[in-house]
Amino acid sequence: APEAETAAEEPTAPPPAWDIEVAPYESHERVEYFVQRFSGPLKASFEVAMERQGRYAPMIRERLRAGGLPEDMIYLSLIESWYDPHAYSIAAAVGMWQFMTATAKGVGLRVDWWVDERRDPVRSTEGAVRYLNELKETFGSIYLASAAYNGGPGRVQRGLDRHAEQLDGAAGDDLFFALRDNTAALRPETRDYVPKLIAAALVGKDPARYGIDVRSVEPWTFDSVRVGANVPLAAVAKAARVPVDSVRDFNPQYLRGMTPPTGGEVWLRVPKGHAEGFDSAFAALPDEERTATKRYVTRDGDFITRIARNNGLTAKQLNWYNPQATRLS
C-alpha cells in the first residue's frame, strides 16, 4: 500500500534579530511598559507609523548603513515623529527626526523662510546620521548617544561626570541604564527615551506577535530634475505630468510653493519615471508659468497696500514673499 501522504509543514519565519542591544533589556520595567503602550492604547498610531516605515525604510536604512550606524536606529525616528515629515512639536522641533533650528543648522541643514530641510526625509535623515555619529563618538555608546539626542549632550555629560564614582564598572550601553536607574541626572523624558526606542524595535520587528497589522505600501522612490531659482512647483508638476500635490509630497522642504527666488539651480524630486522628457516640456512652458515671482523696485511714496492692490494681491500675501522688506517712514 502506498505510504500515507503527510501534510507539508508551513515554513516558520526566522526569529527577529536586531543590530542594537535589545534582548538584554527586554524585561526592563519601562521597556515592558512601552511595549504595552505601542500594542495597546497607541496601537493605531503605531500601525500608521509602520505603514510610513514601509515607505521610507529603504532610504533611511541605506543612509544609516552608509554612516556606519545600526540600521535599527530607524526606530528613533518612529519614537520622535511616527515617521511624519511634517511633525511639529510644541518646542518647535520639526520633521521626522525632530530637529530644533540650531541643531539642524549645525549639521548642515538649511532652515529659512523659503526652505526647511528638516521636513526633507532625505536631507533630515542625513543630518540625523551625522549628529548621531558625533554623539556616538563622544559617548562611546549608541544608547548614550540616543539619550543625548533627546536631552542634549551637555546634560548627559554632566550626569556621567557628576556620578562617575557611582557608575564605576558600567560600560557601553549598560552605562545608560546605570545612569538612568541609579541617578537623577536625566529628565523623565530622557530617562524613558531609550526604553521607548527598544520597545519600538521589539514591536516593529515582530508586529504579528503584538497584534500589529502592517499594510504594505510602495517604497518612496523618485527621479530628480534640475530647475532654476524662482520656479513654481506647479510648473514642475505640469512639465513632469503629475499633480502638484505629488511634487509637494516629494519636496516638502520648499515652504512657499516655489524654489527660492535667488541662489541658482536646484534638484527637485518627481515620481519615478517622470523625469524623462522633463527638460523639453519645462522649456516649452510660457515664461509667466515658469516664473514664480517678479521683482518690483519701490519708489518714493509707495505703500505695501498700494503695490499689492496693483498686482492683484492682499498686503498680507505680498508680505509673505517679502519677509525682510524694510519699512521706511
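User: Where is D192?
Analyst: D192 sits in helix 9, which covers residues 188-205. Keep in mind that this is a predicted model.

User: Is D192 buried or exposed?
Analyst: D192 counts as buried, because its relative accessibility is 15% and the cut-off for buried is under 20%.

User: What does its side chain touch? I mean D192.
Analyst: The side chain of D192 makes a polar contact with the side chain of R30, at 2.8 Å.

User: Another pair, then. How far apart are the closest N and O atoms of D223 and K272?
Analyst: They are 3.4 Å apart, and D223 and K272 form a salt bridge. D223 belongs to strand 1 and K272 to the loop between strand 2 and helix 12 (278-283), so the pair ties together parts that are 49 residues apart in sequence.

User: And K272, buried or exposed?
Analyst: K272 is exposed, with a relative accessible area of 54%.

User: What about D287 and R290, where do they lie?
Analyst: Both lie in helix 13 (residues 287-290), 3 residues apart, which is about one turn of the helix. D287 and R290 form a salt bridge, with 2.4 Å between the closest N and O atoms. R290 counts as partly exposed, at 22% relative accessibility.

User: How many salt bridges does the count come to?
Analyst: The count comes to 23 salt bridges.

User: Changing topic. Which residues gather in a patch of positive charge?
Analyst: R155, R158, R162 and R187 do, on the surface. One of these, R155, is in helix 7, residues 153-162. R155 counts as partly exposed, because its relative accessibility is 32%.

User: Back to arginines with partners. What does the side chain of R269 make a polar contact with?
Analyst: R269 makes a polar contact with the side chain of D120 at 2.8 Å. The R269 side chain also reaches the backbone oxygen of F250, at 2.8 Å.

User: Where is R269, and is it buried or exposed?
Analyst: R269 is in strand 2, residues 266-271. R269 is buried, with a relative accessible area of 9%.

User: Now the backbone. What is the phi of A92?
Analyst: The phi of A92 is near 70°, which is a positive value in a residue other than glycine.

User: Why point that out?
Analyst: Because most residues other than glycine have a negative phi.

User: Where is A92?
Analyst: A92 is in the loop between helix 3 (74-81) and helix 4 (101-106). A92 counts as partly exposed, at 29% relative accessibility.

User: And what is the phi of N230?
Analyst: N230 is not a glycine, yet its phi is positive, about 65°. N230 lies in the loop between strand 1 (222-227) and helix 10 (233-240). N230 counts as buried, because its relative accessibility is 13%.

User: Last topic, distances. How far apart are V35 and L318?
Analyst: They are 283 residues apart in sequence and 50 Å apart in space, C-alpha to C-alpha. V35 is in helix 1, residues 29-39, and V35 is buried, with a relative accessible area of 12%.

Terms used:
Residues are numbered from 1 along each chain as its sequence is written. This is a predicted model: local features need pLDDT of at least 70, side-chain atom pairs count only at pLDDT 80 or more; totals for chains, interfaces and linings use all residues. Side-chain values use heavy atoms; hydrogens and water are left out. Helices (H or I, at least four residues) and strands (E, at least two) are DSSP runs, numbered from the N terminus. Buried means under 20% relative accessible area, exposed over 50%, partly exposed in between (1.4 Å probe, protein chains only). Patches are made of residues with over 30% relative accessible area and no salt bridge: like charges are joined within 9 Å, nonpolar side chains (Val, Leu, Ile, Met, Phe, Trp, Tyr) within 5 Å. Accessible areas come from the Shrake-Rupley method with a 1.4 Å probe; for residues, only the protein chains shown count as cover. A salt bridge is a side-chain nitrogen of Lys or Arg within 4 Å of a carboxyl oxygen of Asp or Glu. Lys and Arg count as positive and Asp and Glu as negative; His and the chain ends are not counted. The place of a charge is taken as NZ of Lys, CZ of Arg, CG of Asp or CD of Glu. A polar contact is a pair of N or O atoms within 3.5 Å; within protein, one must be able to donate a hydrogen and the other to accept it, and residues adjacent in sequence count only if both atoms are side-chain atoms.
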